[in-house]
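Here are a few friendly notes to read alongside the structure. Take them one at a time, and find each part in the viewer as you go.

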Amino acid sequence: MRIGIYGGTFDPPHLGHSSAAKAAAEALELDRLLLVPAKVPPHKRLSENSASPEQRLEMTRILADGLLPQGRAQADGLELAREGMSYTSDTLREMKARYPDDELWLLMGTDMFMTLQDWHEPEVILSLAGVAAFRRSGEDSPQAMEAQAARLREDFGARVRLVELPRIREVSSTQVRQALAKGEAPEVPLPVYGYILRDQLYGTNADLKRLTDDELRACSLSMVYAKRHAHILGVEKTAVELAERWGADPELARRAGILHDCTKYLNLEEQLQICRKYGIVLDDLERESAKLLHSKTGAALARYVYGQPEEVYWAIFWHTTGKADMSLLEKIVYLADYMEPNRDFDGVDKLRKLCYTDLDAALALGLDMSIADLTERGVPIHKNTQGARDWLTRHGKG
Ligand code: ATP
């Protein structure tokens, strides 16, 4: 296996890191890329309003998630477990012990590459890993990089690859922190921005109850794995369209769509804790199913953390099971979740069409499909789902 190791302060990780990492992973044909935040960086002093090592690791995890196909990029917290300076030579010793038969490559930008001979134990570093270096700025001289590569090869017998990035993104964490403190749009991936807002890092001090749609979206995406992002954006878009079609408030539909799955990946105990905190009463089936709980806990965070109104709360609350006598917004979010553009199952096209011509008939069909699917998979049907279906029959709506 060929493993890339990309160390940094990642305070915060930004789009320069992600685009360089992606391009280098491709050029080197890496099987795996590990992004390693330093606990105590030897090469720079942490800024005064720096994030904690744990927060930098979490932001790096968010940036790594979905960066390469098949989850090949991951954040690695091994330096956080070590006391003292986070020396790369120690990290590579640990990596070599972990991956004795694999080929290690250290990834770095020009600033780091040009001073590599002055790092702690450069001979250890260069004996344990190859070095892949790329330019950070259009002003970095390729000739100087070539000369440095030649010197490292000669002095240390180093393996060096100079990687040409298809696009150089001239951004630094320092610039990102400055932009954030001034309230300007930062050059970080959206979910990283969401994490920064949620933890009020770098002087952002956002009031989470008064976020713009863009900020709210960033927060929601920061709470779930990248594989769920397309679905959340799909539900948002579809809920807005359905609200416009049926005369519900599109802004409320948007906010419910954005937040509906924000607690999707909390485990059962975390879900139960939120329910206890906000006094959500559960039945036996719900107490045992994180899948059923995420709609309740998502609703709770929407209301109590993100300041959303009642209508949004209930639309999220009922989006998994449905219930008898649903409000217009509840129906819209339930159906948007079911048939947004990323959903692909037999009958989804028919359901999509019906959503725009007869909402109650679409709801009845969606419930029927859901009940049939659960039955086939041997999953117990929640009484509110059956209740929703029976209510429509009783009222001649499906
Ligand atoms: P700061 O502004 O706080 O000094 P930084 O932007 O340099 O931070 P680091 O986390 O210290 O970020 O950088 C980690 C690694 O990423 C280094 O090898 C660095 O050269 C590289 N790097 C940083 N920014 C870029 C960029 N825009 N393009 C390519 N590589 C980059």
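**Notes on the domains and a strand**

1. The C-alpha centres of domain 1 and domain 2 are 25 Å apart. Please keep in mind that this is a predicted model. The division runs as follows: domain 1 covers 2-163, domain 2 covers 173-222 and domain 3 covers 231-394.

2. Now look at where domain 1 and domain 2 meet. On the domain 1 side 15 residues are in contact with 15 residues of domain 2. Together the two domains bury about 1300 Å² between them, and carbon and sulfur atoms give 65% of that area.

3. How many salt bridges are counted between domain 1 and domain 2? The count is 1 salt bridge.

4. Next, turn to strand β2, residues 32-37. Of its 6 residues, 5 are buried, so the strand is mostly covered. β2 pairs with strand β1 (residues 2-8) in the parallel sense, over 6 bridges. It also pairs with strand β3 (residues 73-75), again in the parallel sense, over 3 bridges.

5. Opposite Leu34 stands Ile5, and in β3 its bridge partner is Gln74.

6. Finally, trace the chain from β1 through helix α1 (residues 15-27) to β2. These three elements make a β-α-β unit, and the unit is right-handed.

Terms used. Residues are numbered from 1 along each chain as its sequence is written. This is a predicted model: local features need pLDDT of at least 70, side-chain atom pairs count only at pLDDT 80 or more; totals for chains, interfaces and linings use all residues. Side-chain values use heavy atoms; hydrogens and water are left out. Buried means under 20% relative accessible area, exposed over 50%, partly exposed in between (1.4 Å probe, protein chains only). Helices (H or I, at least four residues) and strands (E, at least two) are DSSP runs, numbered from the N terminus. Two strands pair if DSSP finds at least two bridges between them. A crossover is right-handed if, with the strands pointing away from the viewer, the path from the first strand over the helix to the second runs clockwise. Domain bounds come from an automatic or database domain assignment. Contact means heavy atoms within 4.5 Å. Buried area is the accessible area (1.4 Å probe) that two parts lose on being put together, summed over both. A salt bridge is a side-chain nitrogen of Lys or Arg within 4 Å of a carboxyl oxygen of Asp or Glu.
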